[in-house]
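Here is a quick tour of a protein model, meant to be read alongside the picture.

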Amino acid sequence: MLVINNVTKLFGGIIANHDISFRFEKGNIVGLIGPNGAGKSTLLNMVSSVFPPSKGEILFEGERIDQLPAFRMAPLGISRTFQNLQIFKQMSVLENVMVGHHAKKKSGIFQAALRLSQSRKDEKDIYEQAIKHIKFVGLENEMELQAGNLSLGKLRLLELARALCSEPKLLLLDEIAAGLNHKETREMSDLIQKVKDIGIAVLLVEHDMDMVMKICDHIIVLDQGEKIAEGTPEEVQNNERVITAYLGEEVEETAEEAS
Ligand code: ADP
Ligand code: MG
């Protein structure tokens, strides 16, 4: 379904991703983990064509996608959420989700938002699709609320509903559980498994190790731009290089807390 071939990304002198390769089969939840600054978001940004790789190629269902503009992704079947929420706070939950469906046909989320009030053509269809996905994530009681009034947990559900609205084959989630409490994280895990059950593949960047180990079929580990390990949750947990990379991060965090 997704093939990453020797992908490198440079930002000036920074090597954010170095020579990364992996394959991703249909029907899986794949976790992309690693310490802060490892290059996880950068890789996700390339798979969703936010920017192209400096070197290497990315194929989706056999087709090169690494040079395509971002607005071509949703029609192809790739959809995503962002580490920094991209919500229209003045709009209702329903309107925010409807924008996701427009995004499938038109350019980006922002252009779609501008066009929302103008285009009435497939309005009913889009409305029904939006309701379906709002129910899927369990936000039906908040549908008419202004998005700006939602809790973080519900905003993340809203982002998920919107990403699902373009009916993707591959869903990319960038730290969708960041800042959520235990209960919300557990509910998010269940929801991601429900997404898998309806046949959508998920590539998940996540910091919460319990969540990753519980729901991922396969895990890829990055550290300082390099892929240092890949395998089942159990294989990755017992990998020396992975343990060392994470110990380094814990030492840094402890030092930060102490200062
Ligand atoms: P992660 O998501 O694993 O925390 P990122 O992919 O965000 O890591 O970042 C990897 C490295 O690339 C970091 O050193 C970061 O500062 C750098 N980086 C990421 N995006 C940009 C950008 N748009 N411009 C310049 N440097 C960037
Ligand atoms: Mg990131």
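Val-7 has Ile-20, in strand S2, as its bridge partner. Seven bridges join strand S1 (residues 2–11) to S2, and the two run antiparallel. Strands here are DSSP E runs of at least two residues, and helices are H or I runs of at least four, numbered from the N terminus; two strands pair if DSSP finds at least two bridges between them. The model is a predicted one: local features need pLDDT of at least 70, side-chain atom pairs count only at pLDDT 80 or more, and totals for chains, interfaces and linings use all residues. Residues are numbered from 1 along each chain as its sequence is written, and side-chain values use heavy atoms, with hydrogens and water left out.

S1 and S2 belong to an open four-stranded sheet, ordered S2-S1-S4-S5 with antiparallel pairing. Its edges are S2 (14–24) and S5 (63–64), each pairing on one side only.

What kind of aromatic pair do Phe-11 and Phe-51 form? Theirs is edge-to-face, at 5.4 Å centre to centre and 85° between the planes; Phe, Tyr and Trp rings (six-membered ring for Trp) pair with centres within 6.5 Å, and planes under 30 degrees apart are stacked, over 60 edge-to-face, the rest tilted. Phe-11 sits in S1 and Phe-51 in the loop between H1 and S4, 40 residues apart.

Two charges also sit over rings (NZ of Lys or CZ of Arg within 6 Å of the ring centre and within 35 degrees of the ring normal):

| Charged residue | Ring | Distance to ring centre |
|---|---|---|
| Arg-80 | Phe-82 | 4.1 Å |
| Lys-194 | Phe-136 | 4.4 Å |

Note on methods
Chains are lettered from A and ligands numbered from 1 in the order in which they are written.
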